[in-house]
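Me: I have a model open and want to go through it piece by piece. Can we start with how you use your terms?

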Amino acid sequence: MAEYSSLLSDLSENITNEDLEQLKSACKEDIPEDQSNNITSSKEWFSYLEKNDKLAQDNLSYIEHIFEISRRPDLLTRVIEYRTTVLKISEDDEIDTKLTRIPSAKKYKDISVSPGVSNLF
């Protein structure tokens with residue numbers, strides 16, 4: 001748990017107010033506007049995500065996706081580092097997580113390819 005708190009603290013220190021507005025905008029489908037307006041710091045943003053089951057010490061896919069679409073590869077890299085070193089996610093699991101991180105990809109994750117049908121992935 002200490003590593004997770006450290007990760008969130010590190011991420012918070014690297015999110016400016018301008019970044020926070022961009023991140024909140026990227027989550028507008030998941031955070032109602034009235035609640036989004038009340039979030040004034042990255043720590044409050046992380047807290048909101050935790051309370052609404054979008055973020056946990058062993059579930060980082062949502063913020064990975066948000067950092068990815070917000071064009072914050074530096075923050076995404078820190079999360080992936082945490083996931084691979086602290087959570088000990090194997091390379092195969094990491095590939096699986098990258099696929100399922102994108103909500104539209106979830107529906108394709110468990111589809112098996114029929115013989116003779118080329119795999120688009």
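Reply: Start with exposure: a residue is called buried under 20% relative accessible area, exposed over 50%, and partly exposed in between. Keep in mind that this is a predicted model.

Me: Fine. Is R71 buried or exposed on that scale?

Reply: R71 has a relative accessible area of 70%, so R71 is exposed.

Me: Where is R71 found?

Reply: R71 is in the loop between α5 and α6. The backbone there has a feature to note: phi of R71 is positive, about 55 degrees, although R71 is not a glycine.

Me: Which other residue has a positive phi without being glycine?

Reply: D53 does, with phi near 55 degrees. D53 lies in the loop between α4 (42-51) and α5 (61-69). D53 counts as exposed because its relative accessibility is 66%.

Me: Back up a bit. How many helices and strands are there?

Reply: The protein has 8 helices and 0 strands. Along the sequence the pattern reads α-α-α-α-α-α-α-α.

Me: What percentage of the residues is buried?

Reply: Of the 121 residues in the protein, 33% are buried. The protein exposes about 7900 Å², and carbon and sulfur atoms supply 47% of that area.

Me: And what share of the contacts comes from residues 24 or more positions apart?

Reply: They account for 50% of the contacts with a separation of 6 or more.

Me: Now the helix packing. At what angle do α1 and α6 pack?

Reply: Helix α1 (residues 2-13) and helix α6 (residues 73-85) pack at about 175 degrees, and their axes are 11 Å apart. That angle makes α1 roughly antiparallel to α6, because angles over 145 degrees count as roughly antiparallel.

Me: Which residues make the contact?

Reply: From α1, the contact uses E3, Y4, L7, D10 and L11. From α6, it uses L75, R78, V79 and Y82.

Me: What do the side chains of D10 and R78 do?

Reply: The side chains of D10 and R78 form a salt bridge, at 2.8 Å from N to O. This pair joins distant parts of the chain, since D10 is in helix α1 and R78 is in helix α6, 68 residues apart.

Me: How accessible are D10 and R78?

Reply: D10 counts as partly exposed because its relative accessibility is 28%. R78 is also at an intermediate value, 27%, so R78 is partly exposed.

Me: How many salt bridges are there in the whole structure?

Reply: A search of the whole structure finds 6. One of them pairs the side chains of K24 and E21, at 3.3 Å from N to O.

Me: How far apart are K24 and E21 in the helix?

Reply: K24 and E21 are 3 residues apart in helix α2 (residues 17-26), so about one helical turn separates them.

Me: Is K24 buried or exposed?

Reply: K24 is buried, because its relative accessible area is 5%.

Me: Next, what about D30 and K54?

Reply: The side chains of D30 and K54 meet in a salt bridge of 3.5 Å, N to O. This pair also links distant parts of the chain: D30 is in the loop between α2 and α3 (33-38), K54 is in the loop between α4 and α5, and they are 24 residues apart. D30 has a relative accessible area of 31%, so D30 is partly exposed. K54 is partly exposed because its value is 26%.

Me: Which residues are linked in a network of salt bridges?

Reply: D19, R72 and D74 are linked in that way.

Me: Last one, a different topic. Where does A2 lie?

Reply: A2 lies in helix α1. A2 is exposed, because its relative accessible area is 60%. A2 and Q57 are 55 residues apart in sequence, and their C-alpha atoms are 9.8 Å apart in space.

Terms used: Residues numbered from 1 in each chain as written. Predicted model: local features only at pLDDT ≥ 70, side-chain atom pairs only at ≥ 80, totals over all residues. Heavy atoms only, no water. Axes fitted to C-alpha atoms, helices over the stretch in contact; angles between N-to-C directions. Helix = DSSP H or I, 4+ residues; strand = E, 2+ residues; numbered from the N terminus. Parallel < 35°, antiparallel > 145°, perpendicular 65-115°, else oblique. Contact = heavy atoms within 4.5 Å. Buried < 20%, exposed > 50% of the residue type's maximum accessible area, 1.4 Å probe, protein only. Areas by Shrake-Rupley, 256 points an atom, 1.4 Å probe, with all protein chains shown as cover. Salt bridge = Lys/Arg side-chain N within 4 Å of Asp/Glu carboxyl O.
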